[in-house]
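Thanks for coming, everyone. I'll walk through one structure today, a piece at a time. Have a look at it first.

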Amino acid sequence: MKLSKRLERIVSMVPRLGPEGCVADVGTDHGFVPIRLVELGVCGQALAMDVRPGPLARARDHIRRHGLERQIDTRLGDGLEKLMPGEAQVVVIAGMGGELMLRILEEGSHVRRKISHWILSPQSELSQFRHGLEGLGLCIREEEMLQEDGKYYTIMDVVPGAMDYKREYQYRYGDRLIQKRSPVLAEYLEREMSQNRRIRAGLEGQTGEGAARRLGELVQEYQVMEEAWAAMEGKQKDSDAMGGSSGKTGDASSRGSGKTGDASGRGSGKTGDARAGNSGKTGDPVPGRKQEAGKGV
């Protein structure tokens, strides 16, 4: 069974639990993730869960073909409603929008305290999603970004804890990705900044309240992008770096909802790269950035 690069990266981020461990895959679709996890010995048991009967039937068929009916159970239900407290140690949720994923997490309060790791890959509303994780008492332990078939995907390893970001750019573009100077994020930001400049150039000279409002929004978005660039280049003040468990978080007024799963991603996408710590050298140029002169706001 060949998985997409995105699904392989998701599988690689699930911590090894051993034969007694269990992973729940919410929105399992074809059931490929739990099948691969059990075959690799990452866990001994898995739950393939979906709200739609059709995809769950396909997952059940794939599980049967791989001879894993005893190790992987299928359940029809919305979000986490059919998951019992203590049944699984890790939950995987991928392939859906950030707003829907937040709803699933919020409604899953009956199991939230029993989950040690959440492997999450929201495809939109990433700034809102990161703010929402913070409100639920969850923090991003690691984050990766990749590009596949012209689309950008972010995958997060989320654990219980406090997440205290100081600036909005950390919520919008991912503090972990910025700290390790992700080449994929650098590529994404370069594209977003170029697109922002083109749109602003087209609006210049236009009259009307709508054009002026949109131009102001684009200028604000560009400023957040520039902050992210500066942080990746090590030019941000230390006080803007990720904080500990105290203090209030960043500029909620400038929240965006970029869509990383969308190839046209606007304003506030999110992404991740190969797993690394936060020990990248910040004085070097950002990987993949083209040097352009005279392109400020």
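Start at the loop between β6 and β7, where Asp 149 sits. Keep in mind that this is a predicted model. Asp 149 has a positive phi, about 55°, although it is not a glycine. Most residues other than glycine have a negative phi. Is Asp 149 buried or exposed? It is exposed, with a relative accessible area of 75%.

Asp 29 lies in the loop between β1 and α2. Its phi is near 60°, again a positive value in a residue other than glycine. Asp 29 counts as partly exposed, because its relative accessibility is 26%.

Asp 29 takes us to the largest pocket. The space in that pocket comes to about 480 Å³. It is lined by 27 residues, and the closest to its centre are Gly 27, Thr 28, Asp 29, Ala 94 and Gly 95. Which elements each supply at least two lining residues? They are α1, residues 5-13; β1, 18-26; α2, 32-39; β2, 43-50; β4, 90-96; and α4, 98-107. Of the elements, β4 gives the most to the lining, with 5 residues.

Next, the cysteines. How many disulfides does a search of the whole structure find? The count is 0. A disulfide is a covalent bond between the sulfur atoms of two cysteines. Take Cys 22. Its closest cysteine sulfur belongs to Cys 43, at 6.7 Å, which is too far for a bond. The cut-off here is 2.5 Å between the sulfur atoms. Cys 22 is buried at 8% relative accessible area, and Cys 43 is buried at 3%.

Stay there for Gly 44, in strand β2. Gly 44 is buried too, with a relative accessible area of 14%. In sequence, Gly 44 and Cys 22 are 22 residues apart. In space, their C-alpha atoms are 6.3 Å apart. What does Gly 44 touch, once residues up to four places away in sequence are set aside? Gly 18, Pro 19, Gly 21, Val 38 and Gln 71.

On to the inside. In soluble globular proteins, nonpolar side chains tend to be buried together. Here, the largest nonpolar core has 32 residues. Those with the most contacts inside it are Leu 83, Val 91, Ile 93, Trp 118, Leu 120 and Leu 133. Two or more residues each come from β1, β2, β4, α4, β5, α6, β6 and β7. The element that gives the most to this core is α4, with 4 residues.

Let's zoom in on Ile 93. Leave aside its neighbours within four places in sequence. Ile 93 is then in contact with Val 26, Met 101, Ile 104, Leu 105, Ile 119, Leu 120 and Ser 121.

One histidine deserves a stop. His 117 is found in strand β5. With a relative accessible area of 16%, His 117 is buried. Which residues contact His 117, beyond its neighbours within four places in sequence? The set is Pro 15, Gln 89, Val 90, Val 91, Arg 141, Asp 157, Val 158 and Val 159.

Last stop, helix α6, residues 126-135. Why call this helix largely enclosed by the rest of the structure? Because 7 of its 10 residues are buried. The buried ones are Leu 126, Ser 127, Phe 129, Arg 130, His 131, Gly 132 and Leu 133. An arginine and a histidine are on that list, as Arg 130 and His 131. What covers the buried residues of α6? The cover includes α4, β5 at 117-122, β6 at 138-148, β7 at 151-160 and α7 at 168-173. Leu 133 also links back to the core, as one of the residues with the most contacts inside the largest one. Just after the helix comes Gly 137, with a positive phi of about 75°.

That's the tour. Questions, please.

Key
Residues are numbered from 1 along each chain as its sequence is written. This is a predicted model: local features need pLDDT of at least 70, side-chain atom pairs count only at pLDDT 80 or more; totals for chains, interfaces and linings use all residues. Side-chain values use heavy atoms; hydrogens and water are left out. On a 1 Å grid over the protein atoms alone, a cavity is a set of points where a 1.4 Å probe fits but cannot get out, and a pocket is an open set with protein on both sides within 12 Å along at least five of seven lines; lining residues have an atom within 4 Å of a point. Grid points are joined across faces, edges and corners, and a volume is the space filled by probe spheres set on the points. Buried means under 20% relative accessible area, exposed over 50%, partly exposed in between (1.4 Å probe, protein chains only). Contact means heavy atoms within 4.5 Å. A nonpolar core is a set of buried Ala, Val, Leu, Ile, Met, Phe, Trp, Tyr and Cys residues joined through side-chain atoms within 4.5 Å.
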